[in-house]
Amino acid sequence: MACERSKLSALSLPLLQGLCRAKGLSLEKGANKADIIERLLSQKRRPKEVEEPPSKVAKIERKVQETQSRQKLVFQSSLPGLETQSFRVLRCTCCSVIFNLEKTQYHGDAQSFWCPSCRFRAMDPFNEVSGEGVLHCALLGLGGYEFEVNLSRLQEWRDAGETIWLRMLQVDSQELFQVWPEELAVEVDGCQLFRVAPPEKGHKRRDVPQDITDWLQAGPNVLRLRFTDAQGLALGLVRAAPKAPRRLCLEVPRQEAPEARAKLLTLLRNSEEDGLEFVASRQLSLLCPVALARVERPARGRRCRHLRCFGLAAYCRSNYGMAAFNNRWSCPVCNKRVRPEELLIDGFVEDILQKTEAPLWGQAWCWTMNILIIWRFIPSQFQKVRRGAL
């Protein structure tokens with residue numbers, strides 16, 4: 001401290017006043033040289049205030065505010081002849097996480113954006129991904145990609161029947177389709193697992209996720225993906241547990257009979273104005289279009305606008321056995337995309353099935369009268385022949 005005092009004493013009064021102003025110290029009017037030196041020394045003796053780092057919640061809130069103020073950032077390239085590129089930071093409407101798209105293009109609605117991690121979780125309902133099941137997720141670009149993942153609990157997961165899947169999807173899309181690059185080779189610790197060849201000319205390649213559990217080992221694993229161009233694609237390494245179609249059917253909610261009847265009535269009343277899809281008459285067939293048998297647990301998609309239902313178990317089983325992964329979950333009546341979370345069991349049609357003869361096939365004729373829906377059973381040709389023989 002004596003050394004500091006001697007150094008300050010060697011300075012002139014104007015220099016000491018300027019030093020105080022630089023440090024932001026206030027001086028009394030008419031302060032002499034000794035007072036200014038004491039003021040400077042007292043400031044050095046004062047312990048520095050330790051600034052507490054911002055909490056994790058504060059960081060997230062600040063990031064959200066910054067993102068909301070600049071939802072879309074557009075950078076004009078300085079090179080002539082290049083088009084403007086959009087770089088977007090979007091909030092996932094499923095998990096509410098802020099996701100950085102980096103240089104990946106996304107032209108969809110920002111209000112319905114799902115981050116790749118959430119889409120990987122929902123991609124395959126028959127292989128359910130838990131909350132912490134996304135082991136690695138990344139956006140791809142040019143020239144290949146390499147990463148390391150530590151699977152210290154791999155044997156525990158195998159004993160529980162869980163598997164490790166490698167998946168890819170198109171970021172600029174809302175569909176949960178599996179999409180590989182035009183050509184791909186995947187290696188683990190230098191050993192090639194599988195290779196995706198370019199599609200033949202005039203043919204469409206059927207891309208499916210790959211189960212790589214048997215090629216992995218407990219501990220660190222280095223995965224290398226060799227490709228030329230994978231821009232716009234996201235990579236996901238996920239841990240999934242198998243789910244049988246029977247368990248999937250138990251999760252589909254049932255629409256009660258009064259509510260289902262009101263929806264059916266709305267479709268019938270609006271058939272002339274809005275158009276009722278795939279109904280030449282007002283006959284409600286009790287034949288499942290998938291199993292070609294009497295409907296059991298009649299189901300329909302929430303967005304479907306047709307009267308006919310299909311069997312829930314038959315629909316799930318047919319999708320479970322479908323090899324073309326991207327062709328799954330298509331309504332057998334209207335071909336709309338109907339995933340398990342969009343299914344509803346029709347309670348009104350279920351009541352009709354219970355009131356008709358279970359072993360026989362037929363149709364129910366529905367029409368509107370005031371605010372009621374009236375139905376009657378129409379015997380099928382098979383039933384008419386059988387009764388005539390008896």
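Guide: This is a predicted model, and its chain has twelve helices and 18 strands. Of the 390 residues of the chain, 39% count as buried, and of the accessible surface of about 23,400 Å², 51% belongs to carbon and sulfur atoms.

Visitor: Why is T163 called buried?

Guide: The word buried is kept for residues under 20% relative accessible area. T163 has a relative accessibility of 16%, which is under that cut-off, and therefore it counts as buried. Its place is in strand β6, which covers residues 163-170.

Visitor: What makes the link between the side chains of T163 and W165 a polar contact?

Guide: A polar contact needs a pair of N or O atoms within 3.5 Å, one able to donate a hydrogen and the other to accept it. The side chains of T163 and W165 are joined at 2.7 Å, which is within that limit, so the pair is counted as a polar contact.

Visitor: Which residues is T163 in contact with, once its neighbours within four places in sequence are left aside?

Guide: With those neighbours left aside, T163 is in contact with N127, D211, T213, V238, R239 and A240.

Visitor: What caps the N-terminal end of helix α11?

Guide: The cap is D346, with a side-chain oxygen that lies 3.0 Å from the backbone nitrogen of F348. Within α11, which runs over residues 347-355, the buried residues are G347, F348, V349, E350, I352 and L353.

Visitor: What makes one space a cavity and another a pocket?

Guide: In a cavity a 1.4 Å probe fits but cannot get out, whereas a pocket is an open set of points. A search of the whole structure finds one cavity of 30 Å³ or more, and about 80 Å³ of space lies in the largest cavity. Its lining is formed by M123, E175, L176, F177, F325, N326, R328, W329, R337 and R339, which by class are five nonpolar, one polar and four charged residues.

Visitor: And which residues are the closest to the centre of the largest pocket?

Guide: The largest pocket has a volume of about 340 Å³, and of the 15 residues that line it, the closest to its centre are Q174, E175, L176, R339 and E342. Its lining divides into five nonpolar, three polar and seven charged residues.

Terms used
Residues numbered from 1 in each chain as written. Predicted model: local features only at pLDDT ≥ 70, side-chain atom pairs only at ≥ 80, totals over all residues. Heavy atoms only, no water. Helix = DSSP H or I, 4+ residues; strand = E, 2+ residues; numbered from the N terminus. Buried < 20%, exposed > 50% of the residue type's maximum accessible area, 1.4 Å probe, protein only. Areas by Shrake-Rupley, 256 points an atom, 1.4 Å probe, with all protein chains shown as cover. 1 Å grid on protein atoms, 1.4 Å probe; cavity = no way out; pocket = protein on both sides within 12 Å on 5 of 7 lines; lining within 4 Å. Points joined across faces, edges and corners; volume = space filled by probe spheres on them. Nonpolar A, V, L, I, M, F, W, Y, C, P; charged D, E, K, R; others polar. Contact = heavy atoms within 4.5 Å.
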